[in-house]
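Here's a quick briefing on the fold and the charged side chains of this chain. Have a look at the model first.

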Amino acid sequence: MDDSKTLYGRPRNRFVASFVGESNMIPCRVDVIENGAGRVTLAGNTPGAAQLSGQIDGDHGWMFVRPEHVEIDFRSVGADLPNALDGVVENALFLGEMTRYLVRCGDETITVKRQNRGQAHFSGGTPVTVSWKAEDCKVLD
């Protein structure tokens, strides 16, 4: 049995990912496998990269990423960021030490948890880009 840190950070499936803490699940397709990681297509048309959990080329799955691993910034025009989706802030909830954002990216809603350490704050209706590193996400079946 996995310890709680492993269950949270590297869940084996969607059930565990949704049961232990808050998570984002974004539909994706594995396009190419390279050294155990995959180049994927996110949410229908956005290129990305992720760790894999047994998928092969052409498999469909769900990209799992925890909200605290998602970066948020003003919309980047032509930026070359990994796993980047453009969206609009639907909700910004200030929680003292952090702000919890809900960002609408096409048909997907991405949750972002960001520590309040002097960075820009985004209010509802602000166009933004959310992104995350390949090592911070995993494709689950």
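Of the chain's 141 residues, 36% count as buried (under 20% relative accessible area, with exposed over 50% and partly exposed in between, using a 1.4 Å probe and protein chains only). Keep in mind that this is a predicted model: local features need pLDDT of at least 70, side-chain atom pairs count only at pLDDT 80 or more, and totals for chains, interfaces and linings use all residues. Residues are numbered from 1 along each chain as its sequence is written, and side-chain values use heavy atoms, leaving out hydrogens and water.

**Fold**
- You get 2 helices and 10 strands, taken as DSSP runs (H or I, at least four residues; E, at least two) numbered from the N terminus.
- Along its principal axes, the C-alpha trace spans about 40 × 35 × 25 Å.

**Salt bridges**
- The count comes to 5 salt bridges, meaning a side-chain nitrogen of Lys or Arg within 4 Å of a carboxyl oxygen of Asp or Glu.
- Arginine 29 pairs with aspartate 31 at 2.8 Å, N to O; arginine 29 is partly exposed at 32% relative accessibility, and aspartate 31 is too, at 27%.
- Glutamate 34 and arginine 39 bring their closest N and O atoms to 3.3 Å apart.
- Arginine 104 bridges to glutamate 90, with the closest N and O atoms 3.4 Å apart. That pair links distant parts of the chain, 14 residues apart: arginine 104 sits in strand E7 (residues 98–105) and glutamate 90 in strand E6 (residues 85–94).
- Glu22, Arg100 and Lys113 join up in a salt-bridge network.
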